Amino acid sequence: MRWKRWSTACLVAVMTLSLVLTACSGSGGNASGTNDGGQASESIVTPKGTYPIVEEKVTLKVMIPSEALVENFETNEFTKWYEEKTNVHVEWIVVPQQSASEKLNLMLASGDYPDVIMRFGVTPAQQMIYGNQGVFLPLNDLIEQYGDNFKKVLDSNTGLSTAITAPDGNIYALPSINDCYHCSMAQKMWIYKPWLDKLGLDVPTTTDELYTVLKAFKEKDPNGNGKADEVPLTGAPRGSGWYSSIDAFLMNSFVLNPVFSQSRSHMYVEDGRIQVAFDKPGWRDGLAYMNKLYKEGLIDPQIFTQDSDQLLKLGEASGDPIVGAAFGGHQGVFTQIAGESGRWLDYVTVPPLKGPNGVQYAAYDPFGYSVGSYLITKNAKHPDVAFRWADGFYDEEVSLRTTIGRPDEEWREAKEGEIGINGKPAKWAKLKEYGQIQNVHWEQTAPTNRSNELRLSSAVPDNGEPSLEVILYNETKNNYDPYKPSADMAVPQLFFTDEQAAELSDLSKTINDYVDEMMARFVIGDADLEKDWDIYLQTLEGMNLPRFLEIYQTAFDSKK
């Protein structure tokens, strides 16, 4: 594969025409070269597609959630490489991953904005509210004037432009392209195969069989150390580990429960109508099942409170393994990929379990992108610089550098004769496995351009070494793909009018916070399903769940 070789020539073009910020009239906003006050300023960037981006170094304040697999963003090798390439220095504002949504909301309410907000998955409703207020800059003119790699992304992804464009005609956030097969069915559960083998048990296929297996893990000392230290089943709250929440996998044995996006969590389409999982009888049945597991000590009591670091430490506890099963999009959520213990290779997926009423879903996200990945605020003195800095991430080689590492160290171009995961001639090959704590790349913090073709063109190792990507591809194809629902049941990313967005902002937080709170209370037994379920439904009604669904339905119908 011929990778784009970045020019290092310093191509300088000084613009003498001032650019005036136009009003948001639904025709695409102009943020080119504007500062906080919306006053005209000269663009200081070099011509699009050339590097460095600026002749004199510029500093951007960038707010991101923490990443457990990145040691330090300031000293990171990719940070240093990209600064040298672009001549843009980053002042990082890193907030705890577990409280990222809360920190984002507090920042937006405070008025103390960074230049750039990255990897928060800012919802369409938030984009509309704060875009209309002028907090988030419209990117249309920046894309038109300075877009190079991102324009190519738009050209090669049908429907993407429509998906990221708000009703007022503005694009307020850049997406991340990750058309990843195994990610599309990432609400997985993993089980420790050596314990199954030792106890003469098979991988469970039903909720009843899972109960039996977890009971054996708790009572029969599968790690053989004579201690009752086994944790049969663990995970972490939503927002901590990648699909590590208790409902992400288990609830799909009772009701379809996609949790791929904050703005579409627990939502699906049935017969053309927007539905939520959490007011259905199946949700109650799922809660009752999880409560049974919890009461009998089969679920980690920290599952609603621990963060991703604590979950990883549990899976990699020194001495004998103690985790029997865990939720996560891959083994690296709860073990160290390619770590010294080697435990990551001993966990296999549990296929979607058949519930007591025959429900058996692998939640499916057919959309190969996520919105709200990169936003520029009105506090950015040089929006043109902030956009050019982001545009570079959409180059394929940079996407590999920022997610995997350095050429010829963490990955290399494929050799002649090597075959990719997709069975076609490979384009590149991994040299080190993903999922290790490191300081050479940003994991998936920056927006990327990783098409399905790029991901599956990774060479299959011919030396017998295990490959995480190959494992995930095979586990997904064999154990999850057969149970995925129709793509028509997936709720697409939806934009809303200013009025709808403002109304949804309060409704969404109130309802989803309550659902999360009550799920934890019902599971641990702090609330009683027999006595409190009707009160729970009445409270949702009082929180105006019908209006919430009506707004989504209106937006959904408008896309038809």
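Figure 1. Helices (H or I, at least four residues) and strands (E, at least two) are DSSP runs, numbered from the N terminus. Residue numbers start from 1 along each chain as its sequence is written. As this is a predicted model, local features need pLDDT of at least 70 and side-chain atom pairs count only at pLDDT 80 or more, while totals for chains, interfaces and linings use all residues; side-chain values use heavy atoms, with hydrogens and water left out. Along the principal axes, the C-alpha atoms fill a box of roughly 75 × 60 × 35 Å. The radius of gyration is 24 Å, which agrees with the value near 24 Å for a compact globule of 560 residues (taken over C-alpha atoms; the globule rule is 2.2 Å times the number of residues to the power 0.38). Of the 560 residues, 56% are buried, where buried means under 20% relative accessible area (1.4 Å probe, protein chains only). Take the contacts (heavy atoms within 4.5 Å) between residues at least 6 apart in sequence: 78% of them join residues at least 24 apart.

**Figure 2. Close-up of the one disulfide in the structure.** Cys180 and Cys183 are the partners, at 2.1 Å from S to S; the cut-off for a disulfide is a pair of cysteine sulfur atoms within 2.5 Å. The torsion about their S-S bond is about 75°, so this disulfide is right-handed. Both Cys180 and Cys183 are buried.

**Figure 3. Helix H10 (residues 281-295) against helix H17 (residues 529-542).** Their axes come within 12 Å and cross at roughly 145° (axes are lines fitted to C-alpha atoms, for helices over the stretch in contact, with angles from 0 to 180 degrees between N-to-C directions). H10 brings Trp283, Arg284, Leu287 and Ala288 to the contact, and H17 brings Leu529, Glu530, Trp533 and Tyr536. Sorted by type, the contact residues of H10 and H17 come out as six nonpolar, no polar and two charged; here Ala, Val, Leu, Ile, Met, Phe, Trp, Tyr, Cys and Pro count as nonpolar, Asp, Glu, Lys and Arg as charged, and the others, Gly among them, as polar.

**Figure 4. Pro447, in the loop between strand E13 (428-430) and strand E14 (449-450).** Pro447 is buried, with a relative accessible area of 1%. Leaving out residues up to four places away in sequence, Pro447 touches Met118, Pro175, Ser176, Ser373, Tyr374, Phe393 and Tyr394. Asp391 sits 56 residues from Pro447 along the chain, yet their C-alpha atoms are separated by 9.2 Å.

Key. Buried means under 20% relative accessible area, exposed over 50%, partly exposed in between (1.4 Å probe, protein chains only).
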